[in-house]
Number of protein chains: 2
Amino acid sequence: MPPQPPASGTSAPVAHLRVQRVRPAYRQVADELRTQILAGALPAGTRLPNEGELGRAFGVSRSTAREALRVLSSQHLVETHRGVQGGTFVSEPDPARVVEDVGSALGVLVMTPQLHVSDLLEARLLLEPAAARLAAQRADAETVEAVRTAAAAPRDDRDPSGFVGHLDFHTTLLMATGNLMLTLMGQPVNDVLRTRLRRAGVEAREWDKVDACHREIAEHIAEGRASEAEEAMRDHIVELRRLYERDGFWA
Amino acid sequence: MPPQPPASGTSAPVAHLRVQRVRPAYRQVADELRTQILAGALPAGTRLPNEGELGRAFGVSRSTAREALRVLSSQHLVETHRGVQGGTFVSEPDPARVVEDVGSALGVLVMTPQLHVSDLLEARLLLEPAAARLAAQRADAETVEAVRTAAAAPRDDRDPSGFVGHLDFHTTLLMATGNLMLTLMGQPVNDVLRTRLRRAGVEAREWDKVDACHREIAEHIAEGRASEAEEAMRDHIVELRRLYERDGFWA
DNA sequence: GGGACGCTAAACGTCTGACGTATTGCCCAC
DNA sequence: GTGGGCAATACGTCAGACGTTTAGCGTCCC
């Protein structure tokens, strides 16, 4: 999307093209700190100077330093605690936060014509069967047990995200691949789909069939039947897709 | 990762388990505004009240309102402009920003033992051949032309990300699928890999071969040979992977 | 002697008020 | 008619003050 050349005629309607002549101080401070954190100069757990000193170190006021810290904190690069022994600390990288953030961003994009729900379903159809294959190839005994448990877990209809320890089957399977990247890509997609499904008020009509599919896939993985696991998962996703389509929740 | 039960013995070393008793006001304001934006109550382009009024509306001071806005702004949900006719506006969702953010987050995670570079390569090996297949199936004339151009584009070695309009071949191909989700997943991975590659100072020894692969894939796509395109891309990725491994940059 | 209570200090959280500065539209002079 | 300067608006930044949370430590009472 190159900047469109001046249209032939009068004034080009370049509404959304404001330039940023000077970066505000709080942004400069945030960028500098971010650079240092990403470069490893400030490893996770490091305690930064208190806000007053930090501001003085950068030659800005405490308010400005605070705004910079708010930026970094909202990107989960640092976290702050109150009280003595409190302060601002460089955060440990946390995949769960990344998943949350990506899911939120996808939720926004999926409301635009740029990203359609069918795109998410297609991506899922690409990811999860492959994940099932990898899980079947690699899962150790403990992981297999986790997958089995997730497949057998009672579906708490009225209590979504109920108690700790209950992970969705698809999530468990993504993690069972041992490749965090697959979880990072697949989980946000599933989150968005589930959210939309719930908001659309889709009823639980065939969830016993869904559970049966899950158990079948889990068994394939337990037995190390990679191709069968992949195929079963593909069928399962296609089936789910049909369910979504029938309920026509993507308007 | 369930919270580990109290260990048998004395005090459980629950170092990183600080609770958040009360959410700070700036966080509450940010959350409330974010909710409204995500719910569509504040569509993109909406101009929020100025910082003073916004604070008054929430019963907080202007500084607190500003910190809330910094949070939202760093999440690309709003953007601010100065001057008369300035103010805070709800942002248009922008896939490029999402790609940037995810790439940054991945860059952090890849420095931990949680996410290995080989995980990225595996994800890429999963995504891009599928993308090549889809592109071959769907690409229209214009898209084909873009892919061809990207494949033929002179590789500017010393001028990375040189001029506008030059897009990486892999990026172009991801976009050629017409499925934004694939770009959203694949692009950050490629960005991280490219960054590490550059930092590791990998030399351009076989890039002519790489370019030949690109052109071959582009031709497959142009001719609509889906399976061939997929297979060629798979070989290409495997080849690249070998190149990465030989240069041993993932230490 | 041991445990509970309360005090204290450090740091973040919030408020107030003020001034600087970028941006834009309008008016006036030429 | 056009160019330049003025005014209004809203963000950007600063300074200082006070409240609040938290952990550590000392003291007092049992």
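**Exercise 1. Find which element gives the most residues to the surface near DNA strand C, then describe that surface.**

Step 1. α3(B) gives the most, with 3 residues. Helices here are DSSP runs of H or I with at least four residues, strands are runs of E with at least two, and both are numbered from the N terminus.

Step 2. The model is predicted: local features need pLDDT of at least 70, side-chain atom pairs count only at pLDDT 80 or more, and totals for chains, interfaces and linings use all residues. Residues are numbered from 1 along each chain as its sequence is written, while chains are lettered from A and ligands numbered from 1 in the order in which they are written.

Step 3. There are 23 residues around DNA strand C, and A:N50, B:A25, B:S61, B:T64 and B:G83 come nearest. Two or more residues each come from β2 (87-90) of chain A and from α1 (25-38) and α3 (62-74) of chain B.

Step 4. Sort by class: 6 nonpolar, 11 polar and 6 charged. Nonpolar covers Ala, Val, Leu, Ile, Met, Phe, Trp, Tyr, Cys and Pro; charged covers Asp, Glu, Lys and Arg; the others, Gly among them, are polar.

**Exercise 2. Describe the surroundings of DNA strand D.**

Step 1. Count 22 residues. The closest are A:A25, A:V60, A:T64, A:G83 and B:N50.

Step 2. Locate the elements. α1 (25-38) and α3 (62-74) of chain A, with β2 (87-90) of chain B, each supply at least two residues.

Step 3. The classes are 7 nonpolar, 11 polar and 4 charged.

**Exercise 3. Work out what chain A brings to its contact with chain B.**

Step 1. 37 residues of chain A are in contact with 37 of chain B. Contact means C-beta atoms, placed from the backbone, within 7 Å.

Step 2. On chain A, the elements giving two or more residues are α1, α3, α4 (95-109), α5 (117-138) and α8 (180-199). The largest share, 8 residues, is from α4(A).

Step 3. This side of chain A has 21 nonpolar, 9 polar and 7 charged residues.

Notes: A residue is near a molecule or strand if its C-beta atom, placed from the backbone, lies within 6 Å of it. Two residues are in contact if their C-beta atoms, placed from the backbone, lie within 7 Å.
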